[in-house]
Amino acid sequence: MSDSNVASAFEAFLQGWLMRQRCYLDELLSHQQNMTDFDNIRGLINRVICHYGQYYEEKSKVAQNNILLVFSPPWFTSLERMFLWMAGFKPGMTFEVVNTALEDELSQEQNHRLLQIQQETKLKERELNDELAKLQESMAAPPLFEMARSHGRLCLEQIHGDPSMDAESNISDDAVPNTLKVALENLVIRADALRRNTTLKVVHVLRPSQVVTFFAAVAELQLRVRAWGLEKDSQGGG
């Protein structure tokens with residue numbers, strides 16, 4: 001399957017995923033008004049976690065096909081791409097959302113445990129950053145992010161049928177050495193694991209009612225950034 005087809009397939013998946021995200025947000029906001037049905041709340045939390053798991057599963061398929069696509073995904077707006085770190089959101093953003101959404105609702109013990117998780121997360125983020133820098137230096141690789149941006153732009157032009165693109169052309173990552181691709185895939189796998197594990201650790205610290213508020217804040221932020229990005233790009237501000 002060509003890169004443009006892979007990107008188109010993921011873009012279609014993402015559209016459906018975001019529609020479900022909107023539905024989950026409505027459920028989360030509704031439960032914020034009624035926190036008495038604990039069984040339904042726990043069920044909703046589990047379904048939201050599975051919802052994010054589906055996203056990572058589909059994303060991993062794209063990374064296996066062409067690692068450059070997830071570093072500059074053509075299915076995201078230019079604003080969404082500004083938030084990318086290791087092909088996804090930076091795990092440390094989790095704590096910013098928690099602190100903003102819950103403010104004074106956290107106990108002293110919760111704040112202490114969250115601070116410990118945050119420090120561990122920062123250390124692992126730094127390790128991944130260092131490994132990426134060393135990888136590029138050791139292999140004398142061209143600037144990864146510029147390569148990924150160029151790749152993403154070309155793929156986006158293919159998806160939307162830019163007349164300047166040769167119909168027979170096919171964007172591939174053949175120019176990237178196989179050893180570099182494997183190393184980059186490994187970094188993304190570990191970064192995604194850090195994103196998931198950080199979120200799950202935070203969820204385990206929070207009470208169910210706080211988890212509902214946290215997930216609602218995450219969904220609202222994601223959907224707003226998406227909407228702002230679409231508006232900006234439609235006005236030619238990309």
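On a 1 Å grid over the protein atoms alone, a cavity is a set of points where a 1.4 Å probe fits but cannot get out, and lining residues have an atom within 4 Å of a point. Grid points are joined across faces, edges and corners, and a volume is the space filled by probe spheres set on the points. The structure examined here is a predicted model, in which local features need pLDDT of at least 70 and side-chain atom pairs count only at pLDDT 80 or more, while totals for chains, interfaces and linings use all residues. Residues are numbered from 1 along each chain as its sequence is written, and side-chain values use heavy atoms, with hydrogens and water left out.

One cavity of 30 Å³ or more is found in the structure. The largest cavity holds about 30 Å³ of space, and its lining is made up of Tyr55, Lys59, Val70, Pro73, Trp75, Phe76 and Ala87.

Lys59 counts as buried because its relative accessibility is 4%, where buried means under 20% relative accessible area with a 1.4 Å probe and protein chains only. A polar atom of the Lys59 side chain lies 2.5 Å from the backbone oxygen of Ala87. Contacts (heavy atoms within 4.5 Å) link Lys59 to Phe10, Val70, Ala87, Gly88, Val188, Asp192 and Arg195, leaving aside neighbours within four places in sequence.

We turn next to the nonpolar core, a set of buried Ala, Val, Leu, Ile, Met, Phe, Trp, Tyr and Cys residues joined through side-chain atoms within 4.5 Å. The largest such core has 56 residues, and those touching the most other members are Leu14, Tyr55, Val70, Trp75 and Phe215. Two or more residues come from each of α1 (3-32), α2 (38-65), α3 (67-71), α5 (93-102), α6 (108-138), α8 (178-205) and α9 (208-234), with α1 giving the most, at 10 residues. Not counting residues up to four places away in sequence, Leu14 touches Tyr55, Trp75, Phe76 and Arg226.

Finally, there is the largest pocket, an open set of points with protein on both sides within 12 Å along at least five of seven lines. About 830 Å³ of space lies in this pocket. Of its 30 lining residues, Tyr52, Tyr56, Phe89, Val218 and Gln222 lie nearest the centre, and α1, α2, α5, α8 and α9 each give two or more residues to the lining.

Notes. Buried < 20%, exposed > 50% of the residue type's maximum accessible area, 1.4 Å probe, protein only. Helix = DSSP H or I, 4+ residues; strand = E, 2+ residues; numbered from the N terminus. Polar contact = N/O pair within 3.5 Å; in protein donor to acceptor, adjacent residues only side chain to side chain.
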